[in-house]
Each structure stands twice: as C-alpha cells, then as structure tokens.
Amino acid sequence: MSRVWSGAERGWMSRAIDLARPQRTHPNPRVGCVIVGAGGKVVGEGAHRGVGTPHAEAVALGQAGEAARGATAFVTLEPCSHSGRTPPCADALVAAGVTRVVIGAHDPDARVRGRGVVILQQAGIETAVGLMGDEAVRLDVGFHHHRRTGLPYVRAVVADADARADEAVAVDIATLIEEADHLLATTTGPRITTRRTLARLAEQGHLYVATEDVETIGALRRAGLVDAASHYVRIGGDQDGLWTQDGLRVMEAGEIGAGYRRIDLERSPAGWSPLVCRRAEAAIPTPYGRFRAIGYESLDDGRQHVALVRGSVKREEGVLVRIHSECLTGDVFASLRCDCGFQLQEAMRRIGEAGRGVVLYMRGHEGRGIGLIDKLAAYALQEQGRDTVEANLDLGLPEDSRDYGAGARILADLGVNSLRLLTNNPAKRAGAEAYGVRIIEQVPLIAGENDHNRNYLRTKVAKLGHVIDMEDRPPGSVRETTEKD
C-alpha cells in the first residue's frame, strides 16, 4: 500500500527541492536537504553547490548542530554511502543522532543503490523513500538517466535552415534549449547518431541535438536514445508517416511561426528497466529436474522475483525462457478457471527436458497486473456473465497493465543473449522486446484447456490477441499437450 504523506511532509520536501533546483552541480546531482526538529521547526537546511563542496546533508547538519539529535531529515536523493572528497552522508546522519530520514528518490546508480538506506536502517533510523519522488528525479533527469543507462538525456530538434530563420521558431527552439543543463549543441548534420558516440559524451550531461536531417530524429528515437524531441515542418507538409512511426504529435497551429508546425515526441521509448539485485540462490529439485532458484529484488518497487535456471544459460543463444506472471489461484490452488498453473508446469517440463532454460516468476503480475483482491472481484463479475476483459474494465482497471522491465533486467543479469520465448501472447513478446530483449522465436505454450476455462481462453484469443489453437473437448476433459503445440 502506498504511503500517505502529510501536507507538512510534502512542504518540507518541496523546500528541499527548491534549495537544490538553482544549483549547478554537474556532473554531480542536485541535492537538497531540510532538517526538521521538535515542533516542526526547521533547524538546518542546505544544498550541494558543486564538485568538491559539502553535500546537502553536511550543510544542513552543520546548521542544525545539536538540534539534529532526534530530528527528521528530508533529503531529495538517497544519502551517499561511499567516501569521496566528502565523507558518506549516511554515516553523518547516523552520527548526528537523526532518528528519521525521508528520501525523495533512490540513488539511480546500481553499484550503490540502496546502500545508504541500509546504513540508516541498520543504525535504527526510520527510513522512508518516495516522497515527491517524480519531482526529485526531475531535479536532474540527466544524472538519473545517465546512471541508469550510461547515456545522456537527449533532446533532439529537427529544423531546417528556413525554420530556424523564422523569429518565432527561433524563440521556441531557444526555450527548448533553456530547459536542459550542460548543453552540447550541434547545429548542422546528424553528428550524433550512434550509441558509442553518445556514451563518450555521457558525462556532458543533457544533450541538445539540432539538425536539418529529418531522419536523424527517427533513428535516435528507434534506437531508444531520444527522451524528448521536436520537429519543425512547414504547415501542409506531408509528415504523417514520421509522427506515426516515431510517436510524435502535432502541436496546435499558431503556437510558433505562422508558416511552420512543431511536432513533439508524444511518448518516450520504453521506460527505464527497474534496477534489480540478486538476494539469494539455492538449488531446487523438482519433478522436471534440478533448477537453480535465484531470488531477485526490484529496487524500484521492492517486489521479489525468482528465476528458475536449468543448465548453463550465460552467453548462450536461443535459450528457452518462460516469463510467467504470478497467479496464486492457478499456480498454487490449481484453479481450472485459467491455464496459468498448467502453463507453469508445462514450461518447467519442457525446460527440464531441454536441459537448459529459464522460468522467470514475476511478482506483481497477478490478474494481468491488477492484484489478487481485484482479480477475485473480477472473478465475481465473470460469474455474472462478464468475460475476463470486460470484468477488469467494469472495475475501472486496465485490461493488462503488466510491465516486463524487471524481467528484462534479470535476463541481462543471467547473461542470456537471445531467447526462445514460451508464450501464446504477442503482447508479452512486444513488452519484453521494448526493453531490448532479443527474442528469436515465439514458442506456443498451450496447456490445460478445460470446460471451466474454455470461454476464458476464447476471450484471450478474440480480445487480447493470444495465439491458441482451440479445440472443444467433451465435458470434464483436459486437453493433452504435445511438443508440436
């Protein structure tokens, strides 16, 4: 359940964000800190001002002095846990006697993410993460993006010489440029088109790319390298194909120069994959062979997932993989209302026989992402005649809200180069591929058709696009599954 923050707490975090916002700290992140003592009085505050200067927590603690003992610290970014030019801020908060720390956003660097929180918690300090988290990340999108991807945050602008010569267009472009810090501007030609070039420039911070080449924005967009983009074209120009393909939308006429139209990126490429961390590993003997069970924790949402690994999969091509969405009713209680439990067992059997493969058991996917209680409520509606899609929609919930970013990170950690995906669901394949997973084949996984789930399976085919070769059987029968399926 999400934490409900008080208005006072939001006010103090907002104050910390405001302290950090005007600072020029590149390549370090902007960080603000406010320390609140007894009676809700601010006893210390500060912001990091640049490389080699004290961190925000150190500045705020210095102001607070003894008043920090028993106080609450509001800090926009997870306190650091490593020694550099300044001591670790997590240790400083512990030494000062702070009893509670509220954090806007986790450190996005996978090498240190979560360590600051662990230090605080081990010292008995109450720690909470996520207050105004989106606002805290927006303090320095470039820093967060670079730490997660190794690449800079890129804003691309496509405008020909005529468009840039238009005064209104030039002002509009200048506004876009001002929204990014530490800019590296190019004005002609597609100079920045490769991941390698962008990686070399990553420490430059945000990038602003202006080019006359219409194809550059599309190439960067399809490569997942553009996080914001604008394209200036003459009104009446035939650009439908460009914005349909690359997720662009037309701005309202009249917002810029009279003879031109601005088209903006409507949606980002697939979101950042959640960062995951291996937490435990053990052997599990099963009826289908011996598997290694590797437990992962998603550091973004705290969900715990399991990878069942059979044989050697690192740097292997065409590994047989099942990305399985948790289903308590089907997987544990052997419900006949769905085919989930049957698919899980069949996937383990096939991977066991192959001697090599992975079953990813993804938590948080219950009921195609709506959760266990809402799934049971949807079941009740199905008993009244609604199908599985209609029931979700009747509850005001999406028909499918699953995200495969954590699964993609786990496969990358396991070293799987390419895979053969066991699924009947093209959307699952597309969802994984959006995060860079290389799928060379979609392998059908048809199991467990019976009188209780036949309409459910038909709905998945008709409304969700599943590829299932349905066969009606006599009442009470369960369809046999063969390798041909």
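Trainee: Which residues of helix α18 (residues 426-433) are buried?

Mentor: The model is predicted, so local features need pLDDT of at least 70 and side-chain atom pairs count only at pLDDT 80 or more, whereas totals for chains, interfaces and linings use all residues. Residues are numbered from 1 along each chain as its sequence is written, and side-chain values use heavy atoms, with hydrogens and water left out.

In α18, the buried residues are Lys 428, Gly 431 and Ala 432; buried means under 20% relative accessible area, with a 1.4 Å probe and protein chains only. Helices (H or I, at least four residues) and strands (E, at least two) are DSSP runs, numbered from the N terminus. Viewed down the axis of α18, the buried residues fall within an arc of 95°, and they therefore line one face of the helix. That arc is taken from the directions from the helix axis to the C-beta atoms. In general, an α-helix has 3.6 residues a turn, so residues three or four places apart point the same way.

What does this buried set pack against? Its partners are the strands β15 (319-325), β17 (419-422) and β18 (439-443), where contact means heavy atoms within 4.5 Å. At the N-terminal end, Asn 425 caps α18, with a side-chain oxygen 3.0 Å from the backbone nitrogen of Ala 427.

Elsewhere, an open sheet of five strands has mixed pairing and the order β2-β1-β3-β4-β5; two strands pair if DSSP finds at least two bridges between them. Strands β2 (42-47) and β5 (126-129) are at the edges with a single partner strand each, so one side of each has no neighbour in the sheet.

Technical notes
Buried means under 20% relative accessible area, exposed over 50%, partly exposed in between (1.4 Å probe, protein chains only). A polar contact is a pair of N or O atoms within 3.5 Å; within protein, one must be able to donate a hydrogen and the other to accept it, and residues adjacent in sequence count only if both atoms are side-chain atoms.
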